[in-house]
Amino acid sequence: MATARQVLCLCAFLSLPHARAEPIRYSVAEESESGSVVANVAEDAGLAPAQLSARRARLLSEDGRQHLRLEPGTGRLVVAERLDREELCGQSATCTLPFELLLANPVQFFRVEVGVEDINDHAPVFPEERVTLKIVERSDPGSRFPLQAARDLDVGSNSIQAYSISPDEYFSVDYGTQSDDKYIELVLEKPLDREEKAEMDFSLIAVDGGSPPRSGTTQIHVVVLDVNDNAPVFTQKVFIAQILENAPEGSVVLRVVATDRDAGVNGDISYQISQAGGQRHSAFEIDPMSGEIKLTKSLDFEAAENHELSVQATDGGGLSAICKVVVEVVDVNDNTPEVVVNSFSSPIPEDALPGTVVALFTVRDRDSGSNGKISCALEDQLSFSLRPAYKNYFELVTVSALDREETARYILTVTAADAGSPPLTTTHTFTVDISDVNDNAPVFNQTLYTMYVRENNVPTVLVGAVIATDADMGPNAKVTYSLVPRHLTEHPPCSCISVNSENGDVFVLRPLDYEQVKQIEVMVSASDAGSPPLSASVTVYISVVDENDNAPLVLYPSQDSSPASSELVPISAEAGYLITKVVAVDADSGQNSWLSYHLLRATDPGLFAVGAQNGEVRLRRSVTERDTMKQKLVILVRDNGQQPLSATAALSVLLLSDFLDMRLPHSSLATEDEGSSLTMYLIISLVFISLLFLVSTVAFVVHKVCKRKELKDGHVLYGANNLQSSLADAAAAGTLPHAYCYEISLTTGSGNSEFKFLKPILPTLPPQLHATGGGTNSELDFPCGNLTAEDVAPDNPPLSAEQFNSLSFN
């Protein structure tokens, strides 16, 4: 399994396109001052110094400590702090500081290894400054007495090379290496005589191979004893024990055992312990009688994986033996994984492409084995994922398109878990904000706007507002409004309509006349402030509401003729006899154009009756000889507006005994005082009235044509709908007299209404046309055909902005 994992790691490393396979190696002497130059790493990596700053170069180490630093301006690798090889690597023969040179944009790695070379900065140190040896006087020459070797924290040639003693005739020193363990022994050169010399002192000197060499000294005090010819012997030369790093204080590590063949006091053994390397604060203690070694404080596998102890066993006669104890610390899963963020970008634009690197981070665990094996996972997230980069580096990247309007912020939780039992986890949260781009056009809250304004409005009146919203934010969501042509080929929009660019309020800038324009159509555009800007358009219809600003117009009898026209009524006429019909129209619409007729004045009010709806003048009773022959009537025509407007029509009625008398020379009228002269006057009056009526009508039509001639290209019918409704009411009421045939010619383009009398209707009109007025259906009965108001004035479509601009407002 280990081999398989190494192969997979090698494949992952080789697949990384921006990582260098072979490391760049340098060396530096320990104790170098801060700022000392190690090498020019930029030159060795093939990079220009300017690229280091541009690509955000940095040094990354596994332990997080910055022993070295990079000068971005020169590309040199310099010492960041004093380097102590013994602190960094202990007694290891080689000391290497591995780290990576990371270039963030684009991502590229260079592996760098700096070897810390040892200097002779430590002198040899003995475990004790004074050593007392008790040697029996009968010891044979050549007897050996083991001593604890000195320790030198330096390595290689700087470590201990030789031992010596000050001149002494009884002892010499022997040293060497046995079973990978260094030893030192005093060798007795000649027999001791306690009676001649009971005690002696001399110095033991350890010298290293440095230049200049360093040395350490301990004092040897020899006490000559009486015969004790058996020294203690340990059951093992080396004792090895394992203990968990979380073992509590007081736990028993192991028990050493030594034996002595002597009896009595010379066979009683006591134990003592000293930690190798001269460390004073030991984590272990030994029971001097039983030899049990116990913990005095907790251990840390990450600080030291094993501990070496020297245990000395001494019998009652002063003879001793030394053994080595190796305590191996067993790692437990007591360190949680660490997540170190190397690079993080937020916010990112919502149009970032899939695969965009948001964050680069590394994970590590101080434990070993499976306890230090880390796996990373990203909580359920559809828009982001984790991608292994190199070794224990990971990249947080986007995997799908982002939409700020849907999600403006992502809270991403990365969980790092080791493979221990139970596993330990660490979570790190990335808060990624999404910045806005202009990808949403404004949207109106309605697909079509209809607004209303009363005619004769005051200038710059507010008629409504359009509202558009933009799902973006900031300048991309700031909406401005403007009027635009409906098509690119059209002229600029109507100058009488204005829209507030900030809030969309729609204003009518000048007074409108319902009889000239009934509806205006404009196009409003809403644009945001993005780059490039996005826009949307909507159609706005402004309908003009009619007001009662036109008085009724009497068409018949014509009021322009002088004298007024006269109607002939036989004396024999019965009640209900139709004398004539008053015809009037109103340019307004709706109820403002509903007309009613009233008898205002008459020579004999009781003789006549006027139809309120149709304007027909009839006899209320039969004519008698006592009635005045010449009757004068004034008819009031009034509309139905809130403030009604009216007009009057004056007419004359002649009461004749018989219509035949007008053609006979000896009629009954000839016997009267006025005789034939009256008849002649009547004939002349009739002819004159007819001619005057025709001339007045033609003059009226010509006047209207001249007044509206500027509208001939706009195809606008002046007051067409009002005239249509008025004629329809008149036709429904049957107010056109039976004696005349009217042809009403309404031409689009001129904007005028022409009324032609005694002319045949165009043959394209249908023979029977109906109009509705006053709730009943009536027909206009003409000799040349029946005509309704619908045939006179068809519905006009809404005016466009260009057609409206062509109108003149008088």
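Visitor: How many bridges join strand 25 to strand 31 (residues 425-435), and do the two run parallel or antiparallel?

Guide: Two bridges join strand 25 to strand 31, and the two strands run parallel. First, a word on the ground rules. This is a predicted model, so local features need pLDDT of at least 70, side-chain atom pairs count only at pLDDT 80 or more, and totals for chains, interfaces and linings use all residues. Residues are numbered from 1 along each chain as its sequence is written, and side-chain values use heavy atoms, leaving out hydrogens and water.

Now the terms for strands. Strands (E, at least two residues) and helices (H or I, at least four) are DSSP runs, numbered from the N terminus. Two strands pair if DSSP finds at least two bridges between them. Strands of a sheet pair through backbone hydrogen bonds, either parallel or antiparallel.

Back to strand 25. This strand belongs to an open sheet of four strands. Their order is 25-31-30-27, with mixed pairing. Strand 25 (348-349) and strand 27 (374-378) stand at the edges. Each has a single partner strand, so one side of each is left without a neighbour in the sheet.

Isoleucine 348 leads us to another residue. Phenylalanine 384 lies in strand 28 (residues 384-388). Contact means heavy atoms within 4.5 Å. Neighbours within four places in sequence aside, phenylalanine 384 is in contact with residues including Ile348, Leu378, Leu396, Tyr410 and Val432. Is phenylalanine 384 buried or exposed? Buried means under 20% relative accessible area, exposed over 50%, and partly exposed in between (1.4 Å probe, protein chains only). Phenylalanine 384 has a relative accessible area of 2%, so it is buried. Its C-alpha atom is separated by 8.9 Å from that of proline 354, 30 residues apart along the chain.

Step back to the whole chain. It has eight helices and 56 strands. Of its 810 residues, 46% are buried. Take the contacts with a separation of 6 or more: residues 24 or more positions apart account for 69% of them.

Next, the cores. A nonpolar core is a set of buried Ala, Val, Leu, Ile, Met, Phe, Trp, Tyr and Cys residues joined through side-chain atoms within 4.5 Å. The largest has 28 residues. Among those with the most contacts inside it are Phe444, Tyr481 and Ile497. Several strands each supply at least two of its residues, including strand 33 (448-454), strand 39 and strand 40 (535-545). Strand 40 gives the most, with five residues. Another core, of 26 residues, lies apart from it, and Ile243 and Leu299 are among its members.

Isoleucine 497 deserves a look. Leaving aside its neighbours within four places in sequence, it is in contact with residues that include Leu483, Val506, Ile520 and Ile542.

Strand 39 (residues 519-527) also holds glutamine 519. With 19% relative accessibility, glutamine 519 counts as buried. Its side chain makes a polar contact with the side chain of serine 543, at 3.1 Å. A polar contact is a pair of N or O atoms within 3.5 Å; within protein, one must be able to donate a hydrogen and the other to accept it, and residues adjacent in sequence count only if both atoms are side-chain atoms.

For contrast, look at antiparallel pairing. Strand 6 (residues 96-104) pairs antiparallel with strand 3 (residues 57-61) over five bridges. Strand 6 also runs antiparallel to strand 7 (residues 107-117), joined by nine bridges. Strand 6 and strand 7 form a hairpin with two residues between them. In that pairing, glutamate 100 stands opposite arginine 111. Seven of the nine residues of strand 6 are buried, so the strand is largely enclosed by the rest of the structure.

Last, one covalent link. A disulfide (a pair of cysteine sulfur atoms within 2.5 Å) turns up once in a search of the whole structure. It joins cysteine 89 to cysteine 95, with S to S at 1.9 Å. The link is right-handed, with 65 degrees about the S-S bond. Cysteine 89 counts as partly exposed at 22% relative accessibility, whereas cysteine 95 is buried at 5%.
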